[in-house]
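Please consult the sequence and the three-dimensional view while reading the sections below.

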Amino acid sequence: MSLTDDDVLAAGPGAGPSRTGPVPDGEPLLEVQDLRVRFSRAGRHVHAVNGLSYRLAPGRMLAIIGESGSGKSVSSRALMGLLPSTAAVTGSARFAGTELVGMPEAQMRRRRGADIAMVFQDPARSLNPTMRIGTQVVEAVRAHSDMDRHAARRRAVELLSLVRLPVPEQRFAEYPHQLSGGMRQRVMIAIALAGEPRLLIADEATTALDVTTQAQIMELLVELQHRLGMAVIMISHDLGLAASYAQDVLVMYAGRGVEHASAETLFSHVRMPYTRALLGAIPLLERESHALLPVVPGQPPDLSALPAGCPFAPRCEYSDEQCGENPPFAEQEPGHRWACWHPVPDPAPRGERS
Ligand SMILES: Nc1ncnc2c1ncn2[C@@H]1O[C@H](COP(=O)(O)OP(=O)(O)O)[C@@H](O)[C@H]1O
Ligand SMILES: [Mg+2]
């Protein structure tokens, strides 16, 4: 089955073959429960992910944000079985009902790209510099199907059109260095789409691009999300980008979720002091979309010696003795979770809204 624009439009969102079964109404596509990743080397342990829990509904776009080192990449790579052998992964991550944690590598390899595919920050490094881009897309198509070369080539051209690579037939014979950064990222997305994934994880996929190209790639991801009925996780440290494109936002700190809500709720009713600090003093809508995160005073915690209590407490102006105990990441308002004993006052209290 090929994935032309017409097929996709005719079939509508949610259609298309998948390796896992359908998700019953109201069930999440992905349910991460108390996920933990610990790296061990020479008797030293780095606790990169520390009880991460979230749910993602089919076809939604979730932004995962947080400072560098908060565990965004490691937790996502854990879903794909893409961590080195020094990593111990525990907890649960169910994709369409199937447990991913502890899945044997052979099975994981078959599913990788078909259920979940990933796009990274640096397409120059992910693409093979010595191979024509057409060949690289054809190989990705053939890795996921038993198409002959001819059919796979047709499909590869379709995928390159789907990601809006101009004149794909002409580009087919070119090498990665002949393409701009934005075009290379489109090729990477085409390769990621070759297995018709139900979830695409874009890990800082637009970070290396200029602002205009960044917006174009984000708009492409939104378009693909809607046309293919595909869920997207965009990992970013750019709150403006998350606010502009994602439907849901999960804020991570020290390998754990600390605030999670719809983008609308999170940005108008921020409660977790860490998210508040990330937002800074500037109202989000007045900020340029490429604005960098304001620097949060203080240092992120040492992941090899995490405190027993709230890991943000040492940097938090609201902290007191109670914060010596780690607050639960609980749903405190409908659809709004945060982990804090002393949340900041709701900037737009719900009771007072008309
Ligand atoms: N292979 C590894 N071995 C040891 N520590 C690692 C490894 N990969 C990542 N880490 C550590 O895990 C933590 C989380 O990293 P990461 O998920 O890449 O952060 P983020 O993507 O949020 O910037 C960091 O402290 C990082 O140094
Ligand atoms: Mg990262």
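## Cysteines

C316 is buried, with a relative accessible area of 14%; buried stands for under 20% relative accessible area, exposed for over 50%, and partly exposed for values in between, with a 1.4 Å probe and protein chains only. C340 is likewise buried, and its relative accessible area is 14%. The closest cysteine sulfur to that of C316 belongs to C340 and lies 5.9 Å away, too far for a bond.

A disulfide is a covalent bond between the sulfur atoms of two cysteines. A search of the whole structure returns 0 disulfides, the criterion being a pair of cysteine sulfur atoms within 2.5 Å.

## Basis of the model

This is a predicted model, in which local features need pLDDT of at least 70 and side-chain atom pairs count only at pLDDT 80 or more, whereas totals for chains, interfaces and linings use all residues. Residues are numbered from 1 along each chain as its sequence is written, chains are lettered from A and ligands numbered from 1 in the order in which they are written, and side-chain values use heavy atoms, with hydrogens and water left out.

## Overall architecture

The chain has 12 helices and 12 strands; these are DSSP runs, numbered from the N terminus, with helices (H or I) of at least four residues and strands (E) of at least two. Of its 354 residues, 51% count as buried. The chain exposes about 16300 Å², of which carbon and sulfur atoms supply 51%; accessible areas come from the Shrake-Rupley method with a 1.4 Å probe, and for residues only the protein chains shown count as cover.

Among contacts (heavy atoms within 4.5 Å) between residues at least 6 apart in sequence, 68% join residues at least 24 apart.

Oxygen atoms of ligand 1 lie 2.7 Å from a polar backbone atom of G69, 3.0 Å from a backbone N or O atom of G71 and 2.8 Å from a polar side-chain atom of S73. The protein covers 63% of the 560 Å² of accessible area that ligand 1 has on its own.

## Helix α5

Which residues of helix α5 (residues 133-143) are buried? They are I133, G134, Q136, V137, V138, A140 and V141. These buried residues pack against α6 (149-162), α7 (168-171) and α8 (181-193).

## Two residues with positive phi

Most residues other than glycine have a negative phi. E204 has a positive phi, near 50°, and is found in the loop between β7 (199-203) and α9 (211-228). E204 is buried, with a relative accessible area of 11%.

A254 also has a positive phi, near 50°. Its place is the loop between β9 (248-253) and β10 (256-262), and A254 counts as buried at 7% relative accessibility.

Key. A polar contact is a pair of N or O atoms within 3.5 Å; within protein, one must be able to donate a hydrogen and the other to accept it, and residues adjacent in sequence count only if both atoms are side-chain atoms.
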